[in-house]
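Hello,

Here is the structure you asked to look at. Please open it first, then read my notes below.

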Amino acid sequence: MNGITIRGLSKDYHLGKTVVRALRAIDLEIKSGSFACVAGPSGSGKTTLLNMIGLIDAPTAGSVRIAGQDIQTLSEQARTRYRSRTLGFIFQSFNLLPVLDVFENIHLPLILHSELAREEKRERVMELVRAVGLEDHVRHKPYELSGGQRQRVAIARALVTHPRIVLADEPTANLDSVTGNEVLDLMERINAERGTTFIFSSHDPGIMRRAKRVIRLHDGEVEAA
Amino acid sequence: MRERFQLCLRNLARHAWRTRIILLIALFGAFLTFLSENLLEDVSRKQSDMFGRAFAGHFRVLAKGIETKNTFGFYHYEPEEMLEPDEISSIKTYLAGVPEVSGAQERIIFSGLVYGVDDAEKGFQGIAMDMGSYDKELRDLYYARGSAVRPGEAQACAATWHEYEKNKNVEVGRQYVFLMPNREGEFVDRFVTVKGGIDYRTMPRDIIGMGSMFFDLDGFRSLVGYSKPLASEVVGFLKDARTANRVLPCIDSYLRENHPRLKVVSWREYAPIFAEIVLGFDVMMRTVEAILIAICVLLVIKLTTFSIIERYSEIGTMRALGFGRADIALQFALEGFLIIAAGALAGFLLAAGVICVLHLTGIHNTLTFFAWVIGDGFSPGFYADKVVSVTLIFLAVAVLAPLLPALQGSRLSILRTLEKR
């Protein structure tokens with residue numbers, strides 16, 4: 001299978017003597033090309049689930065398989081390579097590098113792709129700049145952009161390596177509803193055009209409605225998928 | 001690499017104050033290290049010159065029975081301990097074939113009495129030597145009232161401390177009665193006319209005491225009445241004082257074989273205070289260098305750590321985007337390297353400029369003891385091995401100092417760094 005298979009995924013956090021069970025033996029299948037929203041109230045385990053899929057955190061138990069590969073068994077080097085080649089990340093706070101302009105921020109992950117020619121990299125970046133509608137801001141620094149524009153830069157940065165899966169943790173949480181919907185439009189369009197799998201988290205019902213599939217979490221368990 | 005390099009420059013520009021601090025400390029450290037290492041090399045090489053110009057010379061060949069320790073070269077000896085002409089000639093011929101030796105000359109150490117204006121007796125110590133064959137430029141040192149003593153001038157210099165104390169000057173043309181030792185160990189009294197003198201105003205009196213120079217060895221011999229050209233010692237000069245440990249044992253071995261009644265002694269034995277001054281100077285400069293380099297290293301470690309703490313979120317973002325630990329470590333290490341390398345390069349260029357200027361102008365320092373010792377117009381230069389060693393030290397600092405915090409930064413968990421926003 002080309003998608004994501006999650007089996008018995010659990011994550012416990014130890015806060016002093018207290019054990020917080022962030023995820024409790026989750027089983028999930030997410031098909032390739034999905035446009036899925038992980039929904040749930042704060043503390044339900046949305047971010048933890050995305051972190052497990054994105055190899056940012058390690059589970060206490062269970063496995064995550066992407067295209068049949070158990071990603072937890074990968075070496076540190078292979079995990080890094082996996083993040084670079086297969087995954088794309090969009091963060092709630094955009095996480096753009098303040099010293100780089102729009103072009104350079106989008107280009108950043110391509111530094112690791114030495115197999116690509118300089119011109120090819122430039123074309124990829126410019127294609128995405130056009131796709132997210134920031135042609136006029138290509139040399140602007142993040143502080144010169146609005147929240148929506150910054151998130152569009154972050155989306156472009158996530159897509160520039162042509163990842164199979166894009167993970168977005170509350171991508172619209174710091175945006176007003178109009179801008180949030182614009183960002184969702186963009187993600188939807190790319191999902192449709194490129195077949196990129198999008199898994200994003202949100203607790204906003206309006207955003208949830210836009211997803212083709214909603215995975216509801218509550219207290220670390222899948223309530224509905 | 002070009003892209004990483006650009007990213008480094010952007011980050012350095014962002015933390016401008018931090019960049020400037022590291023740049024300045026690297027600049028200052030490199031400047032002082034470069035300058036002092038080359039100057040120390042100069043001083044080390046010129047120790048022979050320095051002490052040759054003074055009164056001690058660098059090593060002396062003399063009779064084994066003479067006690068020279070702490071005498072500053074003004075030792076007591078018996079007349080039979082003087083060197084015979086064939087011994088002098090043999091030693092000078094041998095020393096001429098030693099590549100590390102720059103020159104040699106025979107001298108007579110003497111002591112006696114001088115009668116001042118009111119017939120007050122004053123003891124004095126002196127050296128009689130041939131200025132004409134002296135391989136060091138002494139003319140700039142021995143003068144009275146500003147006029148240099150010309151080579152070959154008989155009875156040229158006989159300044160006495162009490163004369164200077166009384167008149168605050170050396171009185172040229174004045175006649176003294178000198179009592180000089182003859183071959184039989186007796187004193188002969190002779191009139192000596194002062195034709196020049198050491199300008200004692202340039203010398204601290206507690207260091208120099210009273211002394212006399214007699215710049216006409218043959219004149220001295222005939223004045224005293226020697227039947228043969230005797231000398232109390234042969235003084236030799238090394239091109240580089242640091243070769244003493246290697247060269248002196250060879251000379252000693254030659255003497256044991258050919259002149260068993262003679263020995264060779266280093267200036268370190270008869271003037272240990274000068275060895276201590278040189279050692280103290282070396283230790284002081286090297287300590288300052290070490291402190292500066294240590295400050296530079298600690299500051300770079302501290303400021304790189306600050307930089308990492310400030311950029312936690314960036315580290316997390318970059319790791320999430322696929323940058324590995326090595327990439328993060330390289331990023332911070334490269335930033336540290338660039339800034340230290342830039343600062344050190346500026347420091348080297350500045351120091352090189354200062355050395356060039358000093359080389360052209362010379363170090364004029366006529367009012368201090370060192371000016372008398374080193375001479376006026378001391379011109380420092382560059383030494384390839386010092387340039388290479390200082391460059392390697394700063395290269396090592398630039399590579400190693402930011403490496404520790406960079407490696408620590410690269411080992412941070414992605415989750416923790418992303419949460420630190």
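Start with the hairpin of β9(A) and β10(A): two residues lie between its strands, and D219(A) there has a positive phi near 50°. This is a predicted model, where local features need pLDDT of at least 70, side-chain atom pairs count only at pLDDT 80 or more, and totals for chains, interfaces and linings use all residues. Residues are numbered from 1 along each chain as its sequence is written, while chains are lettered from A and ligands numbered from 1 in the order in which they are written.

Strands (E, at least two residues) and helices (H or I, at least four) are DSSP runs, numbered from the N terminus. Two strands pair if DSSP finds at least two bridges between them.

β9(A) (residues 213-218) pairs with β10(A) (residues 221-224) in the antiparallel sense, over three bridges. R216(A) has A224(A) as its bridge partner in β10(A). β9(A) also runs parallel to β3(A) (residues 35-39), joined by four bridges. There, A39(A) is bridged to R216(A).

Now the two chains. In contact (C-beta atoms, placed from the backbone, within 7 Å) are 16 residues of chain B and 18 residues of chain A. On the side of chain B that touches chain A, α1(B) gives the largest share, five residues.

Last, I293(B), in helix α10 (residues 272-310) of chain B. I293(B) counts as buried because 21 C-beta neighbours lie inside 10 Å; the cut-offs are 20 or more for buried, 12 or fewer for exposed, and partly exposed in between. Residues touching I293(B) include G29(B) and I393(B). I393(B) is 100 residues away in sequence, but 9.0 Å away C-alpha to C-alpha.

Best wishes

Notes. Contact = placed C-beta atoms within 7 Å. Lists of a residue's contacts leave out its neighbours within four places in sequence.
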